[in-house]
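The sequence and the structure come first, and the description follows.

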Amino acid sequence: MTDSTKDHRDSSGDGGLDLQQFHQTFFEEAAENLQRMEQLLLALDPAAVDDETLNAIFRVAHSIKGGAATFGFTEVAELSHEMETLLDRLRRHELSPTPPMVDVLLRGGDALWAQLSFRQGQTPQTPVIDTLVADIRQLARLTSQQGAVAAAPTTQTRKLEPGQRELEVRIGPLEQSGAANNLHELFEEIPGLGEMRPLDFGEPIDGMRRFCVTTSCTDSELLDLFSFHVERRLVHLSVLGLGYGFHEGNPGAPSQEDVNAATAAPPAAAVAVSAPSAPAAAPRASGGGAGASVDATTLRVSVDKVDQLINLVGELVITQAMLIQSSRALDPVAHQALLSSISLVERNSRDLQDAVMSIRMIPMSAVFSRFPRMLRDLSGKLGKQVELVTIGEATELDKGLVEKITDPLTHLVRNSCDHGIELPQVRTQSGKTAHGTITLSAWHQGGSVVIEVRDDGKGLSREKLLAKARERGLSAPDSLTDTQVWNLIFEPGFSTAEVVTDVSGRGVGMDVVKKNITGLGGRVEIDSAPGCGMSVKVRLPLTLAIMDGMSVAVRDEVYILPMGSVVESDLIGPDTIRSLGAGSRVAKVREDYLPVVDLAELLGSPATEGQSAPGIMVIVESEGMRAALLVDELVGQQQVVVKNLETHFRRIPDVSGATILGNGKVALILDVGSLVGRR
């Protein structure tokens, strides 16, 4: 019998309730909680920590531990319990946060990720955590010299009267303990307040005094009372009960029987649905003891169901196009009602498509949130000081693109940290700040999303790149423009690193980055200035599913141009197109001359006898460059469902995909970026 089978059987109990149906909910909530914990730990300043942050981190660990214990995931519960013990002492100010504590908690979060991945069958084995657990326990067992306060010998459980509650009151840090004693005496002298008893020995090693208050007063009333003798900012109130004080011997710690009862909460509570935007709120019902709270504003839905819905909407768009195509042959007067209904279907289909597509759109923060931890570890390994700045985190992108762009962006950020940002002493010698800055930005531009990775490091060296290219046998004359020189780093195996490390230097990565982004229909642009830094911009379509397109006829075929790339269209006059040397032609558009691309000639559809030359040009733009495409006719504008041609057939130059027209025929979607690049 495997461990997972045994755990599953044990967690089901004698009643026969199958808890496995709730596993996925727990895994999703645990993933959200771990992501929240990492963000809080990375933002934690050991020199100026606030209680709310420590409490939030503690609640995450406590929630994961409770859920894992409910489902019988013992290794997850044990590790989260050790982390919880350390966090409990930190939030009670028995210990002061230090960088090693933050490091070990981050390592604990990584180990919990790995354990959960094993439980989901995504990894072959669970990680070995003996060393990690020993490190956590060592930090949690620090003596009073590091801020620990001796615990009271005993704390008896008291029966509360109706309306009463127990609170822990922390006062301080105080220079003299007399002020806290005055508070105690004041509380006891006023009848009807309740009872106040110390939770320490009265000698504040860290300047803090702790009391247990049994009262029916509100927090505001207690704070107003205590503020007569000490400043309000020195008074901290928190609940005293289960979930507050889980390490042995701590003041107010529940008995082991109480802990076991709390973690063995009714299994049905594990089905609580929560909002992803607040993973670290109050402990969930699966964490033991708290009541389940269902957020009615969110609904967790499988991605497969969303994809199926989008596919159906795509088919609806194709059917709508067929209806419009067929209705063009009808008499508008005789079939006025039918045509009005078709027009209404078209409007509703457009609204439905917009609504469904928005479901798959997720903010770029889902990608940007991965990099603070990565940069923290990488900069520490390289001995550099790096600050990460993110802009435009609310910019939305299709979920499928977000998943595929993560790896290329990760490589670009690592490259900026390793190759771009200099060591602190080098930066100060050149008049810069000791810490470098990497900026991640995202914004909408036309029908695309632009993601920029910018650093203020040393930038690219034109001479160094040219020398390295010649060394590898590449054609690299001095006449190359700066843009062409920068693009040399995308050559397979190209690297300027002098030393190969476990971070980079083998020339593997940048060529893959460009290949992956190009495969998504995107483009990569590089800009750099020696000594000032480097910028890499990635342009991607908003979605790969449905887009607005312009249908153009070239000879007997119909092609689709993305509307986001179309600038204007115009008739070709007698003096519009002029010939240059080597067979090149340009089109005069007002005061500009644009390169001409004859689609019929390019796509292998030469004019037959009796066919006239193209009479219309469509001006398209990509990456700041324009070109004039020669076509025979503008068919119209319509929504098209993008089909991956490479998956169903093969990759074709200058073509980014295909679609089905209203007449049932297949039309190719032209790659404007590739066409403009032929200039």
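Which element supplies the largest share of the lining of the largest cavity? That share, five residues, comes from helix α5.

## Basis of the description

The model is predicted, and local features therefore rest on residues with pLDDT of at least 70 and side-chain atom pairs on pLDDT 80 or more, while totals for chains, interfaces and linings use all residues. Residues are numbered from 1 along each chain as its sequence is written, and side-chain values use heavy atoms, with hydrogens and water left out.

## Cavities

A cavity here is a set of points, on a 1 Å grid over the protein atoms alone, where a 1.4 Å probe fits but cannot get out, and lining residues have an atom within 4 Å of a point; the volume is the space filled by probe spheres set on the points, which are joined across faces, edges and corners.

The largest cavity is lined by L34, M37, E38, L41, L105, L106, G109, D110, W113 and R373. By class, the lining holds six nonpolar, one polar and three charged residues, where Ala, Val, Leu, Ile, Met, Phe, Trp, Tyr, Cys and Pro count as nonpolar, Asp, Glu, Lys and Arg as charged, and the others, Gly among them, as polar.

## The contact of α5 with α6

Helix α5 (residues 99–119) also meets helix α6 (residues 130–140): their axes come within 10 Å and cross at roughly 145°, with axes fitted to C-alpha atoms over the stretch in contact and angles running from 0 to 180 degrees between N-to-C directions. From α5 the contact (heavy atoms within 4.5 Å) involves P100, M101, V104, R107, G108 and A111, and from α6 L132, D135, I136 and L139. These residues divide into seven nonpolar, one polar and two charged.

## The five-stranded sheet

An open sheet with mixed pairing has its five strands in the order β20-β12-β13-β22-β21, two strands being paired if DSSP finds at least two bridges between them. Its edge strands, β20 (633–641) and β21 (655–660), each pair on one side only.

Within this sheet, β12 (residues 546–554) and β13 (residues 557–562) run antiparallel and are joined by six bridges, and V554 has E557 of β13 as its bridge partner. Helix α10 (residues 303–327) packs on the sheet, where it touches β12, β20 and β21, and its direction makes about 150° with that of β20.

Methods. Helices (H or I, at least four residues) and strands (E, at least two) are DSSP runs, numbered from the N terminus. On a 1 Å grid over the protein atoms alone, a cavity is a set of points where a 1.4 Å probe fits but cannot get out, and a pocket is an open set with protein on both sides within 12 Å along at least five of seven lines; lining residues have an atom within 4 Å of a point.
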